[in-house]
Amino acid sequence: LYSSSVPGRVRVAVRLRPRNAEESVADADFADCVELQPEFKRLKLRKNNWDADTYEFDEVLTEFASQKRVYEVVAKPVVESVLDGYNGTVMAYGQTGTGKTYTLGRLGEEDTADRGIIVRAMEDILADVSLESDSVSVSYLQLYMESLQDLLDPTNDNISIVEDPKSGDVSLPGATLVEIRDQQSFLELLQLGEAHRYAANTRLNTESSRSHALLMVHVKRSVKGRELPHSSQNGNSTNMAKSLRPTLVRKGKLVVVDLAGSERIDKSGSEGHTLEEAKSINLSLSALGKCINALAENSAHVPVRDSKLTRLLRDSFGGTARTSLVITIGPSPRHRGETTSTIMFGQRAMKVENMLKLKEEFDYKSLARKLDIQLDKLIMEHERKQKAFEEEIERITTDTQNQISEAERNYVDAMEKERLKYQKDYMESIKKLEEKWMMNQHKLGERKDQTASTAEEVAELKKLLSKETSLRKAAEEEVNNLKSQLAQLKMSEASANSESLKLRKMLEDEAYRKEKLEGEISMLQTQLLQLSFEADEVLGLQKILSLLEAEDADVRIHAVKVVANLAAEESNQQKIVEAGGLTSLLLLLGSSEDETIHRVAAGAIANLAMNETNQELIMSEGGIRLLSITAANAEDPQTLRMVAGAIANLCGNDKLQNKLRGEGGIKALLGMVKCGHPDVLAQVARGIANFAKCESRASAQGSKTGRSLLIEDGALPWIVQNANNDASQIRRHIELAVCHLAQHEVNARDMITGGALWELVRISQDCSREDIRTLAHRTLTSSPTFLAELRRLRIDY
Ligand code: ADP
Ligand code: MG
């Protein structure tokens, strides 16, 4: 009889708990690990000092969100659905101490503004129902190690779940069901349940954070006749007809679940549990995770039957339930891992891409294989084509050259032969003429009387001359002929040249195609590496690490990029280090000359350097020396930023102070400031602040005496110059460093001469952060040297 169904998507809100007192002190120097952008419904999860991931939720509730607002966005729509006769679920998921109980279960007896979701939900329900015709009743249960206990009747500690085989509805016939008629009795019931929960947990030697608490509110309402849609066609249904209709009852069930803490208790012996117990404690929560994954993926099989919790919630995840999940997180960067997994749980519950990825994961191996084969084929074909093409070019070029030089040779030979021949003929004719001329002269002298024959002679001479002339003409013609032949030859040479130009163009095109193909190949290679890692983490990782030493520079670049991507994920870091990745990355800094490799490797090292064990490893492998050399040779500010980030992380390790300084770590940091890039300066400032903080701790414990090593290494002038830097990122670190240095009298003289006293005075008066301001003031007023200096200068402080 449900009137309509509600879209079933799980709505997910994320709520950030404010810093608690302990975190305000311990994490004072660190930014929260998340940044909320409620106006965009976005959450940014900082991976480290230089990188963040962004996630979207249905609602983003900041640390300032009021309990009323949380109720309104998370639970009110669900409560309204329950009053309309649907099933509804409100569930809180998160690490212990992040505010699940605060969000759901606060009674708000001292301050009404503090009331949590349960109390407000019941207020809304009671305000909406009619006590004559409707009923509201509740059960309150605890689920611990797969046993369901009745919190309203502690003797009832193994309640069974009954499922209607037809409708699939679950019910708990054994659970106490108490009818609620007013808010006060409900509050008393909750308190009673809490007291029983406390007693039960003491008996079982566990904490409430290990168990799930479930409150079930059954709302049964009778629907008045007039609220029903009219069934008669003419609209004259009589009162009689109305009264014959059975009373319509709408049953809605609200389930509020305060889940066990989501942190893993995978170590046996924690709180006296054996490994088996630990597994059992986790069973319901991990089964819930699996069901949510399966539902989100639209998987055919949802493993509902794997745990009691999922069996209980089957109804709530069915078609008519409205489910709202609030995931609670804390701000501390120390719990980044838990916070991340909570966020991922919430994201899966919202069906984001991460699920698709899980789905694809099954196919990764075969996809990687396919890509691998395709890639090899492409490479082979490319190589083959390239070879054939080059051979063709070479053949054509030699052919053309041979042709041209042969033609040239032939031409020169022919020309020379002709020339010689005509020269010879000509000379001979001339000689003949001369001889004749001489002969004639002679005859003339001899026979002056023979004038008659002279005319004949002249005529003959003339004939000879004209013959000569025509011979010459023929020779000239021949020369012309040869000339035109030469011109033709020249033309054919030109066309041969244009042919080779065309070939050259083709060669260029081919080179361009080759470049493109190589780009694609390198992209595929990166993908392939990533895929092979995802397909088989251990083998994949080893393969990738071995490629860091590949001969081909491109392959090395791909490999180091993949390693860096993996190293950015906290969950991969240990595996990378165990497989020798950190050592390989450090070696790469020393052995490679390529700046891209330096930058990417330094980034990966910086990520790995967030962990204390890795920090020691980096130091013992000569990391400072390698990072310093990398910095000295770097041109790209991003390389410097990564190097500075890595050293800054090392600076925060108490145990490594002396070694780090001894190997030139501080000098290396200071050396990088000349690049001037604000991102680099921020990392340098962070490193100095970290170092100063550790030093200050060591001095306070008495394990360090003497001047600060930062002052020894000449950091003070830069500190003073930048203590009031416009970039708040830089300023905040330096201000802290100044305060730390000022806490030890041995540093006071140097600080006065270096001008740091004025910065301390300024910080104590204008710093925008109250805690730093107070710290500066306290430090100043507890130093006799500073106070004496101020008095000497007649400055009232
Ligand atoms: P969980 O149930 O997840 O273990 P709690 O609800 O017990 O966490 O919260 C842990 C502590 O943090 C409690 O002292 C609680 O009062 C406090 N707290 C949680 N959320 C908030 C909040 N939004 N504002 C102020 N204090 C909170
Ligand atoms: Mg709790």
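What follows is a set of questions and answers about charges, cysteines, surface patches and loops.

Mentor: Before we start, this is a predicted model: local features need pLDDT of at least 70, side-chain atom pairs count only at pLDDT 80 or more, and totals for chains, interfaces and linings use all residues. Residues are numbered from 1 along each chain as its sequence is written, chains are lettered from A and ligands numbered from 1 in the order in which they are written, and side-chain values use heavy atoms, with hydrogens and water left out.

Trainee: Okay, how many salt bridges are there?

Mentor: Side chains of opposite charge can pair when their charged atoms come close. For a salt bridge, a side-chain nitrogen of Lys or Arg has to be within 4 Å of a carboxyl oxygen of Asp or Glu. By that rule, the count is 37.

Trainee: Where does Glu59 sit, the residue that pairs with Lys41?

Mentor: Lys41 and Glu59 form a salt bridge, 3.4 Å from N to O. Helices (H or I, at least four residues) and strands (E, at least two) are DSSP runs, numbered from the N terminus. Lys41 is in the loop between β2 (34-37) and β3 (42-48), and 18 residues away from it in the chain, Glu59 is in strand β5 (residues 59-61).

Trainee: Is Glu59 buried or exposed?

Mentor: Buried means under 20% relative accessible area, exposed over 50%, and partly exposed in between (1.4 Å probe, protein chains only). Glu59 has 19%, so Glu59 counts as buried.

Trainee: How far apart in sequence are the parts that Arg661 and Asp713 tie together?

Mentor: The closest N and O atoms of Arg661 and Asp713 are 3.1 Å apart, and the two form a salt bridge. Arg661 lies in helix α21 (residues 657-662), while Asp713 is in the loop between α24 (709-712) and α25 (716-722), so the pair ties together parts that are separated in sequence by 52 residues.

Trainee: And which of those two is buried?

Mentor: Arg661 has a relative accessibility of 26%, so Arg661 is partly exposed. With a relative accessible area of 10%, the buried one is Asp713.

Trainee: How many disulfides does a search of the whole structure find?

Mentor: A disulfide is a pair of cysteine sulfur atoms within 2.5 Å. Take Cys651, which is in no disulfide: the nearest cysteine sulfur, that of Cys694, is 8.1 Å away. The search of the whole structure gives 0.

Trainee: Is Cys651 buried or exposed?

Mentor: Cysteines can be compared by their accessibility values. Cys675, at 33%, counts as partly exposed. Cys651 is at 1% relative accessibility, so Cys651 is buried.

Trainee: Which residues form the nonpolar patch on the surface with about 250 Å² of accessible area together?

Mentor: Patches are made of residues with over 30% relative accessible area and no salt bridge: like charges are joined within 9 Å, nonpolar side chains (Val, Leu, Ile, Met, Phe, Trp, Tyr) within 5 Å. Accessible areas come from the Shrake-Rupley method with a 1.4 Å probe, and for residues only the protein chains shown count as cover. One member is found in helix α28 (residues 756-766), with a relative accessible area of 40%. The patch consists of Trp758, Leu793 and Ile795.

Trainee: Where is Met145, which has a positive phi although it is not a glycine?

Mentor: Phi of Met145 is about 50°, and Met145 is partly exposed at 28% relative accessible area. Glu146 also has a positive phi, near 60°, and is buried at 17%. Met145 is placed in the loop between β7 (135-144) and β8 (147-150).

Trainee: Last one: how far apart in space are Ser208 and Leu259?

Mentor: Ser208 lies in the loop between α5 (183-204) and β12 (212-223), and is partly exposed at 37%. In sequence, Ser208 and Leu259 are 51 residues apart. In space, C-alpha to C-alpha, the distance between Ser208 and Leu259 is 9.7 Å.
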